[in-house]
Amino acid sequence: MPNLWDALELQPNTDTVLAGETLPAVFWSGVAKRGDSVWLREKQLGIWRSWSWNQVALAVREIAHGLMALGFAPGERVSILSNTVVEWVLADLATLSAGGVSSGIYPTDAAAQVQYLCEDSATVLLFVEGDEQLDKALEVRPALPQLRKIVVFDMEGLHDLDDDGVIGLDALRALGRAHMAREPKALDERIAALDPQALAILVYTSGTTGKPKGAMHSHRSLVTAMRGYHHITAQYESDERMCFLPLCHIAERMGGEYFAMYSGSKLNFVENPDTVPENVREIAPTVATAVPRVWEKFYSAVTISVKEASRLQQLAYGWGLSVGMQVADKVLAGEPVPAALKAQFRFARWLVLDNVRKLIGVDKARVCVTGAAPISPDLVRWYLALGVPMLEVWGMTETAGISTYTPANRIRPGCIGIAAPWNEVRIAPGTGEILVRGPNVFMGYLNLPEKTAETIDSEGWLHTGDVGTVDAEGVFRITDRMKDIIITAGGKNITPSEWENELKFSPYVTDAVVIGDKRAFLTVLIMIDQENVEKFAQDHDVPFSNYASLTRAPEVRALIQGEIDKVNQKFARVEQIKKFHLLEAQLTAEDEELTPTMKLKRKLVQQKYAPQIDAMYS
Amino acid sequence: MSDDVLVLSNVESAYGPIRAIRGVSLKVRRGEISTVLGSNGAGKTTILKTISGIIDPRRGSVHFKGQDITAADPAKIVRLGLCHVPEGREVFPLLSVHDNLLMGAYTRSDRDAVARDIERAYGYFPILKEREKQDAGLLSGGQQQMLAIARALVGAPEMILLDEPSLGLSPKLTREIFEIVVRINRERGTTILLVEQNANMALNAADHGYVLENGRIVMEDRCAVLREKDDVKEFYLGIKDTGVRGERRWKKKKTWR
């Protein structure tokens, strides 16, 4: 394991690993190159099973032929409604290989949402994970005349189902085998006929207001970004990765599935979203990409267990972390790390830091990447102090993921790094909006030409909606989402995300929405971290019965007030958060208040909790 | 003093390294029947054992009639008027029915009053009077349950802890027992804390309910309200919408609201 001061391994790698200008072409050249080596792993009945490239290829081929046997034509749309499982990747690659367009649907979406996404994308074939998702699909099927077949990955509990419109994945593969015997060349012809400029995937943006919009990406934009990812932080066939974020989201689709396909790094699928903390320890990824929420969770788990530890252990942790912080400060300042400090750090790693890394599961991580949402700079520093290079990237669905990145030798917590080599990034004069132009920029929003025209201007610049700054070295920093910036009644400009990130750094706060537009002072809606606050209540003899009573307990309110006070101190120069409201309902991804990535939807929350907000100002 | 006869605050109890209840706070109001619902291993019985002093909690406190009874001697707790009807009846099989009832009066010295209470107990359960002289081990399961409740009554309790009275009983017998439990509550004014797996019965009999999962309370409300909650319906009452296929295997996520 290298240390922070010698991040040489993270040097850019400009080799072309695999040829091909479309995703299927790249995939099939990967199969030809890697054959029997392992690509995917999943846990079945408690045991990790692996899929070699050849096994994946066979499954993809059979599924793709199965689609053709069902009359699937090039350019038609397929939707995938499933958690992150191996079959998701198989269905995706088969659809693309058969010349189709694939679109992901969040498994937490309600039936009505599934209907909208299928209608909007003109889905003819729908893959579903199992009976739970199938029930959603069947509920809205009468309203989807263009939907020809529903394919079920896992037929458990459905063997008695007698429905012409539903078929199991195994049955589809059998159809595919028959089709393959009849027309052995059909699939290769489809792959060869693919146009790199053609539409490949649809990624629906979660849309904090209104209906989700389907961002269209061509093979070219995805392949450009995928190759580019390898250039900025190379991965190898020896790398172990964890696949756990929803594959409908661009982060796991590009950074997980497609990047691993290109680089040959192994993708280990978690059992389900709830088992991530256990699975990450089993997998011990060498490259870990996650969203800030996940990194926050890991951090708060460590913080809480340190609180429970003995005095001696706490002292050791405090000392180890302070040595780590000194190293991080030197590295961040670009100064050499003195030999004595290096020795201390090695000892600190042996004594505590490596154990902390093991507890999280990042003990073997060469590099960790965070993106898709803002992260607290303090959190980045904490990971750096552990000796884990935590690199922040910035991008969005519309830029096929990464648009700016942090080179390992230029980490600056709070900054999103420099423009990735495959695209231009600049700040719009006047508005301060960040603009992106390059081959990775999307084709537009499906069925929404006006929205597309609003987003991509006549010169090809994508208007990202993020406001930021750039320094002389080309390092970008995001201030906030343009539409989220608050102007208080006193005329002060406030960027809520800065406050919110600091608040989320507290182990007791899961998410926060700062309010204060046209108001006299700032207030905040807070979603507490149930587990940690319950633990706090239990440790301090605060009686509570259910979640709501927890949020009402005066001691818990005092705890959150304390966390807010800490944050307020950092912002002493501007306005302060004067009041807060704790959300009393325990929210899940199924709830309308949260995006599928578990972020509070600012607009919706502000409307839904308007009475509570008004109460804070009255 | 408030209406709350029994107050548990942040009680944690463990069997060796296994924490069975992880911080339970609940209140039972005077003259009411409260119930704790939960599946196997949720920690229901542990709560009752902790209240009656059989298990000493790791943390937290138990107050009965304003008095701290945390980890107090079980006999002292009975003297204060809190009797426990254990899970699986636990009658003395080789003693006669009558002697079993006398065991319930172990802590009392007022013989006349005890005799009166035994007669009253027979009033609730006439079948026990008929079999007064028989060994308790020869009674049927339902009769043993009646005996266990009657034995608690002879302790002249202000409050009874009732642990799964429906265990191993037919639906008809369960209903009868519950009817008598409600009668005891209404006629004697005895406060009851009832622990049950038969959620339907318990929610109909009780006034206030708590739902316990993995050693923590996830929901509390008046029983009439609890009965209408989606999660209680689906996970405790077995009422679920079967979906488009007419059968549903998968479980919804519990949200407890």
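**Strands, faces and neighbours**

Modeller: Let us begin with one pair of residues: A:Thr289 stands opposite A:Val369, which lies in strand 13 of chain A. Strands here are DSSP runs of E with at least two residues, helices are runs of H or I with at least four, and both are numbered from the N terminus. Keep in mind that this is a predicted model, in which local features need pLDDT of at least 70 and side-chain atom pairs count only at pLDDT 80 or more, while totals for chains, interfaces and linings use all residues. Residues are numbered from 1 along each chain as its sequence is written, and chains are lettered from A and ligands numbered from 1 in the order in which they are written.

Biologist: How many bridges join strand 12 of chain A to strand 13 of chain A?

Modeller: Two strands count as paired if DSSP finds at least two bridges between them. Here strand 12 and strand 13 (residues 367-370) of chain A run parallel and are joined by four bridges.

Biologist: Which residues of strand 12 of chain A lie on one side, and which on the other?

Modeller: In a regular strand the side chains alternate between the two faces of the sheet. In strand 12 (residues 287-290) of chain A, one side carries A:Val287 and A:Thr289 and the other A:Ala288 and A:Ala290, and all of them are buried, so that both faces are covered. Buried means that 20 or more other C-beta atoms, placed from the backbone, lie within 10 Å of the residue's own; exposed means 12 or fewer, and partly exposed is in between.

Biologist: Is A:Lys149 buried, exposed or partly exposed, and where is its place?

Modeller: A:Lys149 belongs to strand 6 of chain A, and because 19 other C-beta atoms lie within 10 Å, A:Lys149 is partly exposed. Leaving aside residues up to four places away in sequence, A:Lys149 touches A:Leu70, A:Leu125, A:Gly165 and A:Ile167, where a contact means that C-beta atoms placed from the backbone lie within 7 Å. A:Leu70 is 79 residues away along the chain, yet its C-alpha atom and that of A:Lys149 are separated by 8.3 Å.

Biologist: Which residues of helix 5 of chain A are buried?

Modeller: An α-helix has 3.6 residues a turn, so residues three or four places apart point the same way. In helix 5 of chain A the buried residues are A:Asp131, A:Gln133, A:Leu134, A:Lys136, A:Ala137 and A:Leu138. They pack against several elements of chain A, including helix 4 (111-121) and strand 6 (149-152).

Biologist: How many residues of chain A are in contact with chain B?

Modeller: There are 18 such residues of chain A, meeting 20 residues of chain B. Helix 5 (residues 131-140) of chain A gives the largest share of the chain A side, five residues.

Biologist: What confidence does the predictor give?

Modeller: pLDDT is the predictor's confidence in each residue, from 0 to 100. For chain B the mean is 90, with 99% of residues reaching 70 or more, and the model scores ipTM 0.79 and pTM 0.88. Within chain B, helix 10 (residues 230-235) is lowest, at a mean of 87, and strand 3 (residues 33-37) is highest, at 95.

Conventions
Two residues are in contact if their C-beta atoms, placed from the backbone, lie within 7 Å.
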